[in-house]
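Let's take a friendly walk through a two-chain model, one region at a time. Have the sequence and the structure open as you read.

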Amino acid sequence: MKPIWILARLTFHEAIRRRIVLVGLILGLLFLTVFSLGFGLVTAEVARDSVLRPEVLGRVMEKEMASFLLNAGLYAVAFLSVAMAALLGADSLAGEISSGAIQTVLTRPIRRADVVLGKWFGYAALLGLYLLLMAGGLLVSAYLQSGYLPPNLLNAFLLLFLEALLVMTLSLACSSAMPALATGGTVFGLYGLAFIGGWIEQIGSVFNNQTAVQVGVITSLLFPTEAIWRRAAFEMQTPLATILQMSPFTTRSVPSPLMVAYAVFYLLLALTIGIRIFQKRDI
Amino acid sequence: MTTAAIETHELRKVFGRHAAVEGLTLQVLPGEVFGFLGPNGAGKTTSIKMLLGLVAPTAGGATLLGAPIGHRPTLARVGFLPEHFRFQDWLTAAEFLKFHGQLLGLAGPALARRCKELLERVGLAPFHGQQLRTFSKGMLQRIGLAQALLNHPALVFLDEPTSGLDPVGRRLVRDVVRELREEGACVFLNSHLLSEIEITCDRVAFIRHGEVVRTLDLATLNQGQALVSIRAAGLTPELLAGLANWGWDIQANGEELTLTVESDAALPEINRYLVAQGAQVFALSPSRLSLEEIFIETIGKDGGL
């Protein structure tokens, strides 16, 4: 077996053994329960209301409400996966460097790049599974209760995965040079900046304020997480919501496919820089 | 000509404005147990890390088993026990060895056999399924030692392998080092526990500010050289000069005289010479220098600060 896969498996194994996965699953289950309960209550309310209205309008209302709730739920899932990605990445290299546990690994006949890439693949598999379970749970719950499924599910899922990978990669790259806490601070700081920038862009576009939109674009370039989320939300949006643009989870200023390409480029660049730094640094 | 196990030339490492290793030049032969001695902060660990490719040298060069440092395939023939025995503590002892075996390219029954063998060798077989986080320092040192031996290495670095360990643990290290020597491996032992070094090593180098200030063959330490103290009256300068036939480092202070001789065989001759030259000898006694005395003498009482 190649070193990179030995290390990826070790990384995956570590997350399970150190109960990171367990905590994630318990919180995730709790979250899914709350979501299902809320979803059930709201859709029932909407259904009761629509008895008074013409049937067609009622069905539209139900569908819009399901879409809105589902997007809100997925936004929370995206945030949970981002938090997990940041924490996993932050401790990875920095933690093993400061404890010295990495010394015996690096004195084996393997490349340092294998260590970084092994961790990357291990965490990527973990985040993929986590997202699949959480997003899948939301969708199944919403479908069973309302019969609603949003469009473009595969695209949306891949975009959510890309968002989590972006955060994990930046975190991993930073932790090749900085201690875990500084890494966590940097990554969450950038994520927060992108978040605020994204909202400024949204609100700016409502009032046709170009400067505000540009602020959003610039923060997206600094860290494209929020832009990727908005692209995912746009993919899952109902046609009516696109026309009406009335809820906080409908997207007015839609990031282009170019922004998605930029995010992929950003990820690869961060990974490459992280590997370079790790190859050069004294352990 | 046999290739040296380790050969360094003016190896140097500077961190910021501080030179951790000034310029290390030394040669370690295959099959040799080599002690690397020096006070705290003398650059011993940094030197080892440079040899193993963990730290990049600022200047100078070195070879390991004939290959330049940083040559990856060579590391398959090298073992390393780091200073603080910190490992992936969520792995069990058996998993930890298996993981390192895999990184070395071992697999299948051969790997399983080797892991079992080593767990027994270091006395951890009953604890093979226990996570390393539950291990005591002594147990971590044992599993670390097992990890360093997985590949039947031709060269093993042990960085402070016995610091803070109980006598049983030290005994294990000593036995393992002896076995490695019997197998023809070279052991590079970094320590400041001089009594350990004295028992296990063939040759030592004294390091100060990352420079070799002296190398010493320990075989000669135990059989030969002795410091001779003499108390005698009538010691003339001509008489003292004549002592150079038998010894060196001759120092006289009134009736007190000390010199270092190659072996005890010189003592009767020195006595005859002194009497023949008209001195009155009251006392003449040899004493061996312990490694500790040589250490203090070489490094200085300030500990090289």
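Which residue in S7(B) is the bridge partner of Gly79(B)? The partner is Val156(B). Before going further, a word on the source: this is a predicted model, in which local features need pLDDT of at least 70 and side-chain atom pairs count only at pLDDT 80 or more, while totals for chains, interfaces and linings use all residues. Residues are numbered from 1 along each chain as its sequence is written, and chains are lettered from A and ligands numbered from 1 in the order in which they are written.

**The sheet of chain B**

S6(B) and S7(B) run parallel and are joined by four bridges. They belong to an open, mixed sheet of six strands in the order S6-S7-S8-S3-S9-S10. (Strands are DSSP E runs of at least two residues and helices H or I runs of at least four, numbered from the N terminus; two strands pair if DSSP finds at least two bridges between them.) S6 and S10 of chain B are the edge strands, each pairing on one side only. From one strand to the next, the twist averages 15°.

The strands named with their residue ranges are these:

| Strand of chain B | Residues |
|---|---|
| S6 | 78–81 |
| S7 | 155–159 |
| S8 | 186–190 |
| S3 | 33–37 |
| S10 | 211–217 |

**A helix across the sheet**

H5(B) lies across S3, S7 and S8 of chain B, at about 150° to S8(B); angles run from 0 to 180 degrees between N-to-C directions, with axes fitted to C-alpha atoms, for helices over the stretch in contact. Leu180(B) sits in this helix, which spans residues 167–182. Is Leu180(B) buried or exposed? Leu180(B) is buried because 23 other C-beta atoms lie within 10 Å (buried means 20 or more, exposed 12 or fewer, partly exposed in between, with C-beta atoms placed from the backbone). Beyond its neighbours within four places in sequence, Leu180(B) is in contact with Val156(B), Ala185(B) and Val187(B), where contact means C-beta atoms within 7 Å.

**Where the chains meet**

Chain B gives 22 residues to the contact and chain A gives 20. On the chain B side, H2(B) gives the most, with four residues.

**Two helices of chain A**

H3(A) and H6(A) pack at an angle of about 25°, their axes 7 Å apart. These helices are therefore roughly parallel to each other, a term for angles under 35 degrees.

Key: Two residues are in contact if their C-beta atoms, placed from the backbone, lie within 7 Å. Angles under 35 degrees count as roughly parallel, over 145 as roughly antiparallel, 65 to 115 as roughly perpendicular and the rest as oblique.
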